[in-house]
Amino acid sequence: MAPKPEILAAFEAAKGFMPVDEGLALHAAATEVAGRLGLPLLEVGTYCGRSTILLADAAREAGTVAVTVDHHRGSEEQQPGWEYHDPSVVDDTPGVGRMDTLPTFRRTLYRAGLEEHVVAVVGRSPQVAAVWGAPLGLVFIDGGHTDEHARADYEGWAPHVAPGGLLVIHDVFPDPADGGQAPYRVYRRALESGAFTEVSVTRSLRVLRRTA
């Protein structure tokens, strides 16, 4: 089921990097698994909440919740001097001067009318994963894109995907000319583990189902 026009409009208006076709694929996967399993949907890498809108909408329809994990200090490529740096999400409080996407994220959810359907966890993914104890219907990995961070996100969260649940990985580029390889290596690792099979491919978005 496609998102309602107001949800799609909120997604397109939100600050972020996910294109519409990948967003629709994420929403479809989240809607299917939330309706089938009724378990929480979790994303690693909130940024300003663009993809959170889609997960929250799917969770709302199924009567479950979306959980989103981020330290809100920005990933490597979002720091000053890098390609994806946005000075509008820097905390200009004297003595701080660091990235802080949390206020923008909160405004995104408020404008979309989805605040009550989201649990926002402010912290580093490996630390949160280490204390997480509940099964998840979907895990969406879209955090830091270094090998260290992508590997930690996979190792920390993939074990929590319930049987029949989905592991979704963003920015998977088989050709190094198209982008960084860390998410691709995690994607290959998931397939080679024998625990996941591929369900769909939409540009750089891969949807895998836990089968073992």
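Select Arg 209 and Glu 32. They form a salt bridge, with their closest N and O atoms 3.8 Å apart. A salt bridge here is a side-chain nitrogen of Lys or Arg within 4 Å of a carboxyl oxygen of Asp or Glu. Helices (H or I, at least four residues) and strands (E, at least two) are DSSP runs, numbered from the N terminus.

Some ground rules before moving on. This is a predicted model, in which local features need pLDDT of at least 70 and side-chain atom pairs count only at pLDDT 80 or more, while totals for chains, interfaces and linings use all residues. Residues are numbered from 1 along each chain as its sequence is written, and side-chain values use heavy atoms, with hydrogens and water left out.

Arg 209 counts as partly exposed, because its relative accessibility is 23%. Glu 32 is also assigned to the partly exposed class, at 34%. The classes are buried (under 20% relative accessible area), exposed (over 50%) and partly exposed (in between), using a 1.4 Å probe and protein chains only. Glu 32, Arg 36 and Arg 209 are linked in a network of salt bridges. The model has eight salt bridges by this rule.

Next, select Arg 189 and Glu 155. Their side chains meet in a salt bridge of 2.9 Å, N to O. Arg 189 lies in helix 7 and Glu 155 in helix 6 (residues 147–157), so the pair ties together parts 34 residues apart in sequence. Arg 189 is partly exposed at 36%. Glu 155 is partly exposed at 42%.

Remain on helix 7 and pick Glu 192 and Arg 188. This salt bridge brings the closest N and O atoms to 3.5 Å. The two residues are four apart in helix 7, so about one helical turn separates them. Glu 192 is exposed, at 58%, whereas Arg 188 is partly exposed, at 31%.

Now go to Asp 171. Where does Asp 171 sit? Look in the loop between strand 5 (161–169) and helix 7 (182–192). Asp 171 is buried yet has no salt bridge; Arg 206, the nearest side chain of opposite charge, is 9.3 Å away. For charge, Lys and Arg count as positive and Asp and Glu as negative; His and the chain ends are not counted.

A polar contact of 2.6 Å joins its side chain to that of Asp 171. A polar contact is a pair of N or O atoms within 3.5 Å; within protein, one must be able to donate a hydrogen and the other to accept it, and residues adjacent in sequence count only if both atoms are side-chain atoms. Leaving out residues up to four places away in sequence, Asp 171 touches Asp 142, His 145, Gly 180, Pro 183 and Ser 204. Contact means heavy atoms within 4.5 Å.

Last stop: helix 3 (residues 50–62). Of its 13 residues, 10 are buried. Among them are Arg 50, Ile 53, Leu 54, Leu 55 and Asp 57. Finish on Gly 63, which follows helix 3 and has a positive phi, near 75°.
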